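I opened this entry to keep a record of what I looked up, going from local backbone features to helix packing and then to the chains.

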Amino acid sequence: MTTTLPAYDEVVARYEPVIGLETHVELGTNTKMFCGCPTDFGGAPNTRVCPVCLGLPGSLPVANRAAVEATIRIGLALNCSIAQWCRFARKNYYYPDMPKNYQISQYDEPLCVDGYLDVEVNGEPVRISIERVHMEEDTGKTLHVGGATGRIHGATESLVDYNRAGIPLVEIVTKPIPGAGAMAPEVARAYVTELRDVLRSLGVSDVRMEEGSLRCDVNTSLNLPGEQWGTRTETKNVNSLRSVERAVRSEIIRQASVLTAGGRITQETRHFHEDTGDTTSGRSKETATDYRYFPEPDLVPVAPDPTWVAELKAALPELPRVHRRRLQQEWGLSDLDMQSILNAGAVELIEATIAAGATPTAARKWWLGELSRRANETGVELADIGATPKQVAELQGLVDAGKLTDKLARTVLEHVVAGEGSPAKIMADRKLEVVSDTGALTAAVDEAISANPAIADKVRGGKVAAAGALVGAVMKTTRGQADAKTVRELILERLGVQG
Amino acid sequence: MTDLTSFSAAELAGLVARGESSAVEVTQAHLDRISAVDDRVHAFLHVDTEGALDAARDVDSRRAAGEPLGPLAGVPVAVKDVLTTKGVPTTAGSKILADWRPPYDSTIVRRLRAAGTVMLGKTNMDEFAMGSSTEYSAFGPTHNPWDLSRIPGGSGGGSSAALAAYETPLSIGSDTGGSIRQPGAVTGTVGVKPTYGGTSRYGLVAFSSSLDTPGPCARTVLDAALLHEAIGGHDPLDSTSIPAPVPDVVAAARLGASGDLTGVRLGVVREFAGEGAEPGVLAAFRAAVETLTKLGAEVVEVSCPHFQYALPAYYLIAPSECSSNLARFDGVRFGLRVGDDGTRSLEEVMSATREAGFGPEVKRRVMLGTYALSSGYYDAYYGQAQKVRTLISRDFTTAFDQVDALISPTTPFVAFPVGARTADPYQMYLADLFTIPSNLYGGPGISVPCGLADGLPVGLQVMAPTMADDRMYRVAAALESAVGPFTPPAL
């Protein structure tokens with residue numbers, strides 16, 4: 001089957017997209033949501049379990065205070081109201097990786113409601129309304145063995161690992177976001193980026209999308225201008241910031257092609273595929289599952305003391321937006337310069353590089369220049385490029401000390417990115433240091449003079465510009481590791497000419 | 001020397017403490033009694049002979065070493081098979097858990113061990129504590145020692161029958177709608193439902209989380225109080241556990257035993273003192289009210305107008321919670337698994353397991369509860385029942401403004417013949433008519449023998465405000481001192 005998909009620009013000229021985001025965050029608490037089992041990533045299957053997170057008969061949950069605290073702090077950072085009294089609820093459905101066949105979550109009484117998060121898209125402020133922030137427990141993981149695809153079809157057996165069961169999760173749900181128009185994919189990405197930065201600044205999660213500690217579901221619908229919102233789909237398996245943007249874009253195009261052909265959108269879950277950038281149909285939600293929610297009778301209500309909430313609010317760290325404004329001032333950057341740093345996702349990297357001793361100008365030069373270029377070429381996030389802020393600061397230090405020229409420094413950086421170690425070590429191992437040993441350099445200069453007597457005479461005769469040829473010869477014998485300016489001065493000195 | 005099985009727990013603890021009997025002798029006497037009579041009574045699903053003798057030897061050696069012993073050290077206890085016991089079978093009366101040996105002890109059992117009591121074994125019950133006769137046990141009914149052709153009540157019929165048969169001086173039950181008090185009443189023993197949250201539910205296989213309350217069973221009020229003290233109190237593993245010490249129930253039982261109730265105001269629940277109970281039960285109850293008056297209590301009538309809605313509200317709330325609580329029995333991680341022959345889907349294996357593993361009463365309640373929680377029906381059923389629950393609690397608090405405690409018959413009828421009520425679930429549900437309100441409210445209730453009707457025991461229920469468990473112990477002990485004891489015919 002070959003269908004030609006419509007062009008994005010045409011689609012968004014005709015339809016208005018409405019998006020919404022549900023984000024799950026694994027909290028970085030030491031223990032699970034309702035028991036004392038450790039939460040660290042990894043570990044042999046089913047070793048971080050107890051009667052409670054295995055849902056054994058008779059076991060009972062007890063809410064983790066640290067998780068409640070982290071959720072309240074997230075709610076406060078997102079400008080939410082914090083409920084004075086709320087309850088957990090049971091979400092009932094059968095699945096083998098869910099030990100009790102119900103998930104303890106929150107339903108009509110979430111801990112935090114009605115907030116917002118301000119983000120910037122291409123320098124324009126956009127306010128994203130937050131509907132709710134609530135607590136729940138994660139499920140285990142099912143592994144299907146024996147099939148070709150690792151999926152349940154064709155598998156000969158299924159294995160379940162309950163280490164993840166009961167890890168505290170926070171779900172952050174936006175209100176529907178209309179009016180973004182063609183910018184909807186960028187708005188989605190900007191929101192998740194900003195949310196990630198907020199969560200990181202709060203220190204409540206390591207927010208790593210690849211490891212699944214930050215998971216994003218994207219709701220998308222299209223409507224014609226002036227008409228009601230369309231039927232929405234929910235796209236899962238969106239595992240990077242780039243994918244958030246791509247998933248929205250591809251779903252907008254797909255829905256438009258269905259609608260334009262006179263079809264209708266099915267309310268369903270769709271899966272995003274990183275490799276193709278497409279979404280495919282998951283399970284239909286048209287026959288809605290009845291989760292039979294009811295208040296969790298095993299847990300007492302959560303009633304955070306208002307004084308405690310006020311203390312948590314007062315102790316919130318500087319949030320990323322405020323922090324960035326302060327940095328921009330400290331670094332003396334224009335809005336445009338700051339924006340390019342933001343777009344490159346380089347704020348924290350540059351900040352850390354400065355903290356390691358580099359000047360703002362130098363730090364910005366490396367991250368936005370050479371390193372951004374390489375990141376784009378190889379398609380990785382700047383933060384995962386392989387060079388650390390400390391290494392970049394060290395590299396700049398070597399330039400400042402005259403041990404590396406700019407050109408040599410770029411060569412060293414290439415090896416840093418390849419994982420060969422610190423700049424100083426690479427410089428030494430690969431003998432890339434500027435030749436500053438005057439003895440060796442003088443010998444090279446003398447050699448060049450005696451090998452080119454005619455040019456030397458011209459220079460002696462006052463044609464100083466002719467010295468360039470001698471400089472070139474010296475640079476050739478020192479394989480570019482000498483500083484051209486120093487070489488030139490030395491030549492003139494040896495020939496007794498004033499520079 | 002008198003047979004050691006005829007002593008109360010308090011007396012046995014004294015014998016062991018003074019070295020007049022060893023814990024091993026006490027334990028062996030009860031194990032022998034179980035061997036002699038339990039094939040006819042069937043109070044036990046599992047007798048842990050080795051574990052019991054080990055625990056008894058431990059008490060004896062600690063005593064020999066001069067270590068201090070608790071007030072119940074060396075006293076045997078039987079535990080309803082709904083509480084987890086590490087390495088010892090825990091079935092909840094269900095085929096679906098027939099071979100399950102839990103990897104952990106419930107808090108109650110942990111505290112029993114810490115107190116130096118000797119666990120004899122696990123007692124029979126209606127499957128998942130759903131029933132009023134133990135006839136819904138997947139392992140066959142328990143018989144009432146007063147008349148082996150009759151039921152011993154339920155769901156904790158095993159724990160109460162074991163007391164009446166002198167197989168144990170103490171036992172543990174769990175009371176969701178009357179499962180401790182009603183068996184106590186029909187076996188002529190004492191049964192206590194403590195304040196909800198006063199005893200830990202950790203390790204209690206859940207039926208209805210907001211109602212389930214483990215509690216003590218004994219032949220005397222003082223013994224029940226001693227056991228209550230040993231198992232009660234705050235447990236950080238149960239979120240709904242009340243962070244307060246156990247009311248001084250032992251002192252209250254001792255005070256009551258003096259037989260003086262001067263200054264105590266008791267309320268007869270008008271709605272439970274007329275129709276709905278057998279004439280013999282009502283006659284015994286009225287006689288007990290007279291006795292209480294003679295002991296100095298002031299008895300007045302109070303109205304609790306919403307109690308009449310307790311039974312229907314209960315039969316929405318309890319099944320709703322159980323439909324969710326029992327979802328975990330799916331054959332994936334523990335217990336029975338049926339149909340896993342490589343040809344069936346996961347969903348088919350789960351279904352086949354539950355179809356084969358659950359009995360008819362459990363299925364009935366799971367279906368009722370699933371329906372009541374369904375979207376579109378939630379407000380009309382579960383939501384409405386929760387409102388009724390609030391009104392019933394209000395009836396209690398209003399009544400307790402006027403009186404110290406409420407009294408009623410424990411159950412409308414004496415022990416009925418095996419098979420008499422299994423055909424009609426509603427007739428079975430009526431057994432808990434008078435006990436359910438306390439569960440919906442969360443307050444404590446005790447059943448104490450108050451007389452006989454046609455040669456079968458009748459129980460009087462005393463209900464107190466939440467965390468005022470001591471009040472009902474005082475009243476029950478006073479009545480006990482005036483009317484007891486009631487001893488069943490020899491088996």
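**Notebook: backbone, packing, chains**

I began with B:Ser155, which I found in the loop between β3 (118-123) and α5 (157-164) of chain B. I note at the outset that this is a predicted model. Checking the backbone there, I saw that the peptide bond joining B:Gly154 and B:Ser155 is cis, with omega about 5°. I kept in mind that most peptide bonds are trans.

In the loop between β3 and α5 of chain B I also looked up B:Ala129, whose phi is positive, near 65°, although the residue is not glycine. Is B:Ala129 buried or exposed? I counted it as buried, because 30 other C-beta atoms lie within 10 Å and the cut-off for a buried residue is 20 or more.

I then turned to B:Pro183, which is found in helix α6 (residues 181-187) of chain B and is buried, with 41 other C-beta atoms within 10 Å. Which residues is B:Pro183 in contact with, leaving aside its neighbours within four places in sequence? I listed B:Pro152, B:Gly153, B:Gly154, B:Gly156, B:Gly157, B:Ser159, B:Ser160 and B:Gly191. For B:Gly156 I also noted the C-alpha to C-alpha separation from B:Pro183, which is 6.4 Å in space against 27 residues in sequence.

I recorded the crossing of α2(B) and α3(B) as right-handed. On the α2(B) side the contact involves B:Ala23, B:Val24, B:Thr27 and B:Leu31, while α3(B) contributes residues including B:Ala52, B:Leu53 and B:Arg57. The residues of this contact divide into seven nonpolar, two polar and two charged.

Last, I looked at the chains. The contact between them takes 25 residues from chain A and 34 residues from chain B, and I sorted the chain A side into 16 nonpolar, four polar and five charged residues. Chain A is divided into domain 1 (8-310), domain 2 (318-429) and domain 3 (438-494), and I noted 67 Å between the centres of domain 1 and domain 3 of chain A, taken over C-alpha atoms.

Terms used. Residues are numbered from 1 along each chain as its sequence is written. Chains are lettered from A and ligands numbered from 1 in the order in which they are written. This is a predicted model: local features need pLDDT of at least 70, side-chain atom pairs count only at pLDDT 80 or more; totals for chains, interfaces and linings use all residues. Two residues are in contact if their C-beta atoms, placed from the backbone, lie within 7 Å. Ala, Val, Leu, Ile, Met, Phe, Trp, Tyr, Cys and Pro count as nonpolar, Asp, Glu, Lys and Arg as charged, and the others, Gly among them, as polar. Domain bounds come from an automatic or database domain assignment. A crossing is left-handed if the near helix is turned anticlockwise from the far one by less than a right angle, and right-handed if clockwise. Helices (H or I, at least four residues) and strands (E, at least two) are DSSP runs, numbered from the N terminus. A residue is buried if 20 or more other C-beta atoms lie within 10 Å of its own, exposed if 12 or fewer, and partly exposed in between; C-beta atoms are placed from the backbone.
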